[in-house]
Amino acid sequence: MAHRRGTPRPHPGGSPANVALGLHLLGRPVTLSSCWGDDPPGALIGAHLAATGVPVRRLRGLSRRSTVALAYVDTATGSADYDFLTAWDPAHIPLDPGVTLLHTGSLAAVVDPGTAQVLDACRQLHGRPGCAVALDLNVRPAVQPDRNAYRTAITRRSRPPM
C-alpha cells in the first residue's frame with residue numbers, strides 16, 4: 001500500500017481512553033485506570049485526559065514509558081497500517097468494589113509484560129452478578145500477524161483458571 005508521509009502529528013487515544021470519554025460524555029460514572037510514562041508522549045496523554053474531565057487513576061508503570069502507535073494513513077483510501085512501541089506494564093490494577101464494567105484494549109490483553117495484570121483484573125470481575133468485562137478485539141497485524149495465534153492467545157488467556 002502506498003502512503004503519503006507528511007509531518008508526524010501526535011494524537012492521544014486508545015480504546016480504553018476513548019470508551020471512558022464516551023461514557024463520561026453520556027453522563028455515566030466512569031474512572032479510567034491506566035499507566036503511561038514520564039516521557040513526551042506521556043505528557044501529551046496526561047494533558048489530553050485532564051482536558052476531557054474524565055476521572056483518571058494513574059497506575060504505576062514499571063518502565064515509566066508510554067506506549068506509542070505509529071499510524072501510516074493512505075490518504076487515498078483512509079486505511080492505515082500501524083507500528084507499535086509498546087510499554088504497557090502496570091505493576092498492579094486495583095479494582096474498586098463498585099466497579100461494574102472493565103474495558104481493556106487489545107494490546108493490553110496480548111502484549112507482555114502487562115497481560116498478567118490485565119487478566120488478573122478481568123478474572124476478579126468476571127462472574128460477579130451485574131458486572132461485565134469488555135475486550136476490544138481489534139487485531140493488529142503489527143502486533144500479531146497470525147490471526148489464529150492471536151485468537152488462541154485471547155481464548156487461552158480469557159478463560160478463568162480451573
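**Size and make-up**

Guide: This is a predicted model. The protein chain has 162 residues, for which a compact globule would have a radius of gyration near 15 Å; the chain has 16 Å, which agrees. Along the principal axes, its C-alpha atoms fill a box of roughly 50 × 40 × 30 Å.

Visitor: What is the secondary structure of the protein chain?

Guide: There are 5 helices and 6 strands. From the N terminus they run α-β-α-β-β-β-β-α-α-β-α.

Visitor: How much of the protein chain is buried?

Guide: Buried residues make up 28% of the 162. A residue counts as buried when its relative accessible area is under 20%. The protein chain exposes about 10000 Å², and carbon and sulfur atoms supply 56% of that area.

Visitor: Which share of the contacts between residues at least 6 apart in sequence joins residues at least 24 apart?

Guide: That share is 68%.

Visitor: How far apart are the mean positions of the positive and negative charges?

Guide: They are 4 Å apart, with 17 positive and 11 negative charges counted.

**An aromatic pair**

Visitor: How many aromatic pairs does a search of the whole structure find?

Guide: The search finds 1. The rings of Tyr 82 and Phe 84 have their centres 5.9 Å apart, and their planes meet at 15 degrees.

Visitor: Why is the pair of Tyr 82 and Phe 84 called stacked?

Guide: Two cut-offs decide. Centres must lie within 6.5 Å for a pair, and planes under 30 degrees apart count as stacked. The values here are 5.9 Å and 15 degrees, so the pair is stacked.

Visitor: What makes Tyr 82 partly exposed?

Guide: Its relative accessible area is 28%.

Visitor: Which residues does Arg 140 contact, leaving aside its neighbours within four places in sequence?

Guide: Arg 140 is in contact with Tyr 82 and Phe 84. Arg 140 sits in the loop between β6 (132-135) and α5 (147-158). Arg 140 and Phe 84 are 56 residues apart along the chain, yet their C-alpha atoms are separated by 9.4 Å.

**Around α1**

Visitor: Which residues of α1 are buried?

Guide: Ser 15, Ala 17 and Ala 20 are buried in α1. The buried residues of this helix pack against β1 (32-34), α2 (40-52) and β5 (101-104).

Visitor: What lies on either side of the helix?

Guide: Gly 13 lies in the segment before α1 (15-25). Just after α1, Gly 27 takes a positive phi of about 80 degrees.

Visitor: Why does Gly 13 count as partly exposed?

Guide: Its relative accessibility is 47%. Exposed would need over 50%, and buried under 20%. So Gly 13, at 47%, counts as partly exposed.

Visitor: How do you know whether Cys 35 is buried or exposed?

Guide: Cys 35 has 9% relative accessibility. The limit for buried is under 20%, so Cys 35, at 9%, counts as buried. Cys 35 is in the loop between β1 and α2. Beyond four places in sequence, it touches Leu 59, Arg 60, Gly 61, Trp 88, Asp 89 and Pro 90.

Visitor: What is noted about phi of Arg 64?

Guide: Phi of Arg 64 is near 65 degrees, a positive value in a residue other than glycine. Arg 64 is in the loop between β2 (56-58) and β3 (68-73). With a relative accessible area of 34%, Arg 64 is partly exposed.

Notes: Residues numbered from 1 in each chain as written. Predicted model: local features only at pLDDT ≥ 70, side-chain atom pairs only at ≥ 80, totals over all residues. Heavy atoms only, no water. Helix = DSSP H or I, 4+ residues; strand = E, 2+ residues; numbered from the N terminus. Rg over C-alpha atoms; globule rule 2.2 N^0.38 Å. Buried < 20%, exposed > 50% of the residue type's maximum accessible area, 1.4 Å probe, protein only. Contact = heavy atoms within 4.5 Å. Areas by Shrake-Rupley, 256 points an atom, 1.4 Å probe, with all protein chains shown as cover. Lys, Arg positive; Asp, Glu negative; His and termini not counted. Charge placed at Lys NZ, Arg CZ, Asp CG, Glu CD. Phe/Tyr/Trp six-rings, centres within 6.5 Å; stacked < 30°, edge-to-face > 60°.
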